[in-house]
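Here is a short report on one protein model. Look over the sequence and the fold, then read on.

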Amino acid sequence: MSSRRDLWYRLRPYLPDPEPLRPEAEGKLVRSVGLTLEAVGLNVSVGRQCAVCSRDGRRVEAEVVGFAGSSIYLMPVKRVEGLEPGARVIPLAHTDAMRIGLQTLGRVVNGLGQPLDGLGPLQGSEFLDAMPRDINPLNRHPINEPLDVGIRAINALVTVGRGQRMGLFAGSGVGKSVLMGMMTKYTTADVVVVGLVGERGREVKEFIDHILGPDGMSRAVVVASPADDAPLMRLRASQLASRIAEFYRDQGLNVLLLMDSLTRFAQAQREISLAIGEPPATKGYPPSVFAKIPELVERAGNAAEGEGSITAFYTVLTEGDDLQDPIADSARAILDGHIVLSRTLAEEGIYPAIDVEASISRAMPNIVAEDHLKLMQGFKQMLSRYNQNRDLIAIGAYSPGSDPVTDEAIERFPKLRAFIQQGLKESVHLPESLQNLRAVINPPQQNKVQSPLAAAHKKG
């Protein structure tokens with residue numbers, strides 16, 4: 001079916017029309033309030049693309065997002081300037097499909113699939129259909145194989161499986177973009193798709209040049225829509241990033257999708273919904289926002305057995321480091337695990353600032369050996385025991401010898417911290433990560449004296 005569609009796209013310019021198309025009725029602009037345009041005289045469906053033309057020749061592309069009686073509500077794709085009452089509203093027959101293929105790797109596009117990098121038109125042997133392919137959930141291959149992301153703390157303590165969907169929960173300024181860039185460069189996935197949605201425009205260039213670099217970009221496609229873009233453009237960028245990842249998955253490749261951020265996607269949907277009159281619900285978010293999040297997230301994952309996969313990381317901005325934010329709470333419920341970045345660790349200079357105790361991978365028990373699971377549990381128990389007594393240790397109120405397990409946790413704490421910490425240009429792959437974890441939890445015993453925690457761990 002896909003090959004027939006692609007053939008039609010290629011031959012379309014040369015095929016005669018079987019019959020003349022009847023022109024659709026034009027409408028006129030009667031109202032513009034905030035982000036919403038209101039037109040009358042049209043008979044178009046929701047999702048249809050239209051062009052709003054002013055008398056001086058300016059043209060604004062907009063999408064139909066709702067209607068009420070004879071009034072049609074449109075949301076502009078870009079910023080609106082120079083429109084006046086009575087401007088013509090013309091339904092568009094179609095939008096140009098984005099070319100895609102292996103030649104698309106290394107390119108940067110906007111939410112419409114238009115190149116932003118100044119490297120000329122996109123090259124590719126196929127056209128990207130806007131509609132995703134539905135996958136029967138019973139036909140999805142189960143998550144049973146780990147994906148190496150090159151980050152020691154993630155590989156060893158929050159192991160991610162191929163086709164898993166993870167949340168990256170972080171406040172502002174704790175290193176989520178740097179962590180994403182490290183995964184892009186060091187992962188063993190075949191293709192990386194990065195969606196930079198709603199971020200500062202300055203960060204887009206910095207992320208591509210300084211964090212990804214030439215090596216990371218060589219197998220990546222970046223979809224960028226900065227914060228000053230219209231909400232519809234930000235929404236489209238999120239959907240386009242997922243659609244590009246689906247294309248490469250359908251080619252049998254293992255894809256790593258990094259979406260920064262799911263919160264900006266939700267905020268763009270909130271702006272659109274409120275503009276067309278949907279009532280707010282939880283903390284100002286309309287109900288449609290909480291329907292759109294699973295609709296986007298469920299597009300990631302494994303295809304049928306023997307086909308490709310999409311392993312996805314969605315960053316979630318926790319305002320004021322509040323993990324009970326409605327978007328964070330909704331995302332945590334539908335994702336397959338989450339990695340929490342700690343501001344406390346970042347302030348102490350520990351990068352990546354992964355809060356090991358608060359992070360979890362729901363697929364980890366199915367993709368690692370029993371010994372690996374026990375080592376992970378031993379690490380978390382030791383770190384938790386230290387943190388429970390941290391205040392007493394800091395003020396000197398803890399008496400050494402009171403608890404052998406706490407004594408051991410205090411002794412090993414520097415190694416625990418060193419294990420989490422990793423340099424920006426340092427990659428630690430899965431076998432080495434497991435080896436490092438084993439050295440921290442079960443170090444060579446001197447004089448055959450076994451530590452209390454290691455003994456309890458071995459017995460368990």
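## Residue classes

Ala, Val, Leu, Ile, Met, Phe, Trp, Tyr, Cys and Pro count as nonpolar. Asp, Glu, Lys and Arg count as charged, and the others, Gly among them, as polar. The model is predicted.

## The second largest pocket

By these classes, the lining of the second largest pocket has eleven polar, ten charged and eight nonpolar residues. The volume of this pocket is about 520 Å³. Its lining has 29 residues, and those closest to the centre are Lys176, Ser177, Glu199, Arg200 and Glu203.

Which helix gives the most to the lining of the second largest pocket? Helix α4 does, with six residues. At least two lining residues each come from α3 (176–186), α4 (201–217) and α6 (262–275).

## Nonpolar cores

The largest nonpolar core has 61 residues. Ile154, Leu157, Met183, Phe313, Ile339 and Phe379 touch the most other members. Helix α11 (residues 370–388) supplies the largest share of this core, seven residues. Another core, of 48 residues, lies apart from it; Val223, Ala241, Leu296 and Ala300 are among its members.

Take Ile339. Leaving aside neighbours within four places in sequence, Ile339 is in contact with Ile154, Val158, Met166, Gly167, Leu168, Phe169, Phe313, Ile354 and Ser359.

Glu408 lies in helix α13 (residues 404–420). Is Glu408 buried or exposed? Glu408 counts as buried, because its relative accessibility is 4% and the cut-off for buried is under 20%. The side chains of Glu408 and Arg412 are joined by a polar contact of 2.7 Å.

Terms used:
Residues are numbered from 1 along each chain as its sequence is written. This is a predicted model: local features need pLDDT of at least 70, side-chain atom pairs count only at pLDDT 80 or more; totals for chains, interfaces and linings use all residues. Side-chain values use heavy atoms; hydrogens and water are left out. Helices (H or I, at least four residues) and strands (E, at least two) are DSSP runs, numbered from the N terminus. Buried means under 20% relative accessible area, exposed over 50%, partly exposed in between (1.4 Å probe, protein chains only). A polar contact is a pair of N or O atoms within 3.5 Å; within protein, one must be able to donate a hydrogen and the other to accept it, and residues adjacent in sequence count only if both atoms are side-chain atoms. A nonpolar core is a set of buried Ala, Val, Leu, Ile, Met, Phe, Trp, Tyr and Cys residues joined through side-chain atoms within 4.5 Å. Contact means heavy atoms within 4.5 Å. On a 1 Å grid over the protein atoms alone, a cavity is a set of points where a 1.4 Å probe fits but cannot get out, and a pocket is an open set with protein on both sides within 12 Å along at least five of seven lines; lining residues have an atom within 4 Å of a point. Grid points are joined across faces, edges and corners, and a volume is the space filled by probe spheres set on the points.
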